[in-house]
Amino acid sequence: MLDQIRIVLVNTSHTGNMGSAARAMKTMGLSHMVLVDPQALPDDSAYALAAGASEMLANCRIVSTLDEAIADCGLVIGTSARSRTLSWPMLGPREAGEKLVAEAPRHPVALVFGRERTGLTNDELQKCHYHVAIPANPEYSSLNLAMAVQTLCYEVRMHWLQRQPDEENIESVFDYPTAEQLAGFYQHLEQTLLQTGFISDDHPGHVMSKLRRLFNRARPQTAELNILRGILTSVQKQRPQDKPD
């Protein structure tokens, strides 16, 4: 189950943080690290701070975009401070750990960490089903990257340990679409809404952002997503070339 849980670090600037994060992961039994567009590759500093987890760095996957890192994931949780500008389903660390462990038997899942200084962008956060915030001391909430990785990986391990006697109940976990399948659905939805005139070519982003939030919150299963895409296809067939007046 733990092999299905990947830790994704986006645009990391300090190689030492990669090593410290690898060490934090290994202490909790996680081994799948993905580096998205790192500013530098793991170096001697990274390996020194990884201590006994150097194989984690040697075997980490390096990709150019977050989309590549999560394409086959059925659940994506992004780390974020609470935001007033981007209202999104929020989880605490324990809830995040529980959801990741519950769905890992069925498909890969990802826990995404942003840049050391600025975190994840709004566009990156919108690719996540949920956001997780660590409820640190509001008077001093400065957690470095490795600390955040350690905290959330600990919650993953605790829920994994609790579920060990229940592995025979894996079949009860629903089959959810991957991030790549969801991206295809959102593209299909936007094309259909443009075709019917429900949204404008000039300003599609605001409505689409709200619709993404709606469907991410609803978490449609794979079969349900296929029904929704079938509905969109039937609408397009009714007006294959129509343009809004």
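Visitor: How many cavities of 30 Å³ or more does the structure hold?

Guide: The model, which is predicted, holds 1 cavity of 30 Å³ or more. About 30 Å³ of space lies in this largest cavity.

Visitor: What makes such a space a cavity, and which residues line the largest cavity?

Guide: The term is used because a 1.4 Å probe fits there but cannot get out. The lining of the largest cavity consists of G74, H129, Y176, P177, L182, F215, R219 and P220. By class, these lining residues divide into 5 nonpolar, 2 polar and 1 charged.

Visitor: Why is the other kind of space called a pocket, and how much space lies in the largest pocket?

Guide: A pocket is an open set of points, with protein on both sides within 12 Å along at least five of seven lines. In the largest pocket there is about 760 Å³ of space. Its lining comprises 28 residues, of which T79, S80, A81, S141 and L143 are the closest to the centre.

Visitor: Which helix contributes the largest share of that lining, and how is the lining of the largest pocket divided by residue class?

Guide: Helix α7, residues 145-163, contributes the largest share, with 3 residues. The lining of the largest pocket divides into 15 nonpolar, 9 polar and 4 charged residues.

Visitor: What volume has the second largest pocket, and which residues are the closest to its centre?

Guide: The second largest pocket contains about 250 Å³ of space. It is lined by 14 residues, and those closest to its centre are D67, K127, A179, E180 and A183. Two or more lining residues come from each of α4 (66-70), α8 (179-196) and α9 (205-218). The largest share, 5 residues, belongs to α8.

Visitor: How do you know that both domains take part in lining the second largest pocket?

Guide: At least three residues of its lining are drawn from each of domain 1 (2-163) and domain 2 (179-236). The lining of the second largest pocket divides into 7 nonpolar, 3 polar and 4 charged residues.

Visitor: How do you know that the span of α9 agrees with its number of residues?

Guide: Helix α9 has 14 residues, and at 1.5 Å a residue these should span 20 Å. The end C-alpha atoms of α9 are 20 Å apart, so the two values agree.

Visitor: Which residues of α9 are buried, and what makes them line one face of the helix?

Guide: M208, L211, F215 and N216 are buried in α9. Viewed down the helix axis, the buried residues of α9 fall within an arc of 130°, and therefore they line one face. F215 is also among the residues that line the largest cavity.

Visitor: Why is N17 called buried?

Guide: N17, in helix α1 (residues 15-27), has a relative accessible area of 15%. Buried means under 20%, so N17 is buried. The C-alpha atoms of N17 and K210 are separated by 34 Å, and the two residues lie 193 residues apart along the chain.

Visitor: Is G78 to be called buried or exposed, and why?

Guide: G78 has 0% relative accessibility and therefore counts as buried, the cut-off being under 20%. G78 belongs to strand β4, residues 75-79.

Visitor: What is noted about the phi of N11 and of A51?

Guide: Most residues other than glycine have a negative phi. N11 has a phi near 55°, a positive value in a residue other than glycine. A51, which is not a glycine either, has a positive phi of about 55°.

Visitor: Where do N11 and A51 lie, and why is each classed as it is for accessibility?

Guide: N11 is in the loop between β1 (5-10) and α1; its 16% relative accessibility is under 20%, so N11 counts as buried. A51 is in the loop between α2 (44-50) and α3 (54-58). At 40%, A51 falls between the cut-offs of 20% and 50%, and therefore counts as partly exposed.

Visitor: What makes R117 exposed?

Guide: Exposed means over 50%, and R117 has 84% relative accessibility, so R117 counts as exposed. R117 is placed in the loop between β6 (109-113) and α6 (122-125). R117 and T12 are 105 residues apart in sequence, while their C-alpha atoms are 9.6 Å apart in space.

Key: Residues numbered from 1 in each chain as written. Predicted model: local features only at pLDDT ≥ 70, side-chain atom pairs only at ≥ 80, totals over all residues. Heavy atoms only, no water. 1 Å grid on protein atoms, 1.4 Å probe; cavity = no way out; pocket = protein on both sides within 12 Å on 5 of 7 lines; lining within 4 Å. Points joined across faces, edges and corners; volume = space filled by probe spheres on them. Helix = DSSP H or I, 4+ residues; strand = E, 2+ residues; numbered from the N terminus. Nonpolar A, V, L, I, M, F, W, Y, C, P; charged D, E, K, R; others polar. Domains from an automatic or database assignment. Expected span 1.5 Å × (residues − 1). Buried < 20%, exposed > 50% of the residue type's maximum accessible area, 1.4 Å probe, protein only. Arc of directions from axis to C-beta.
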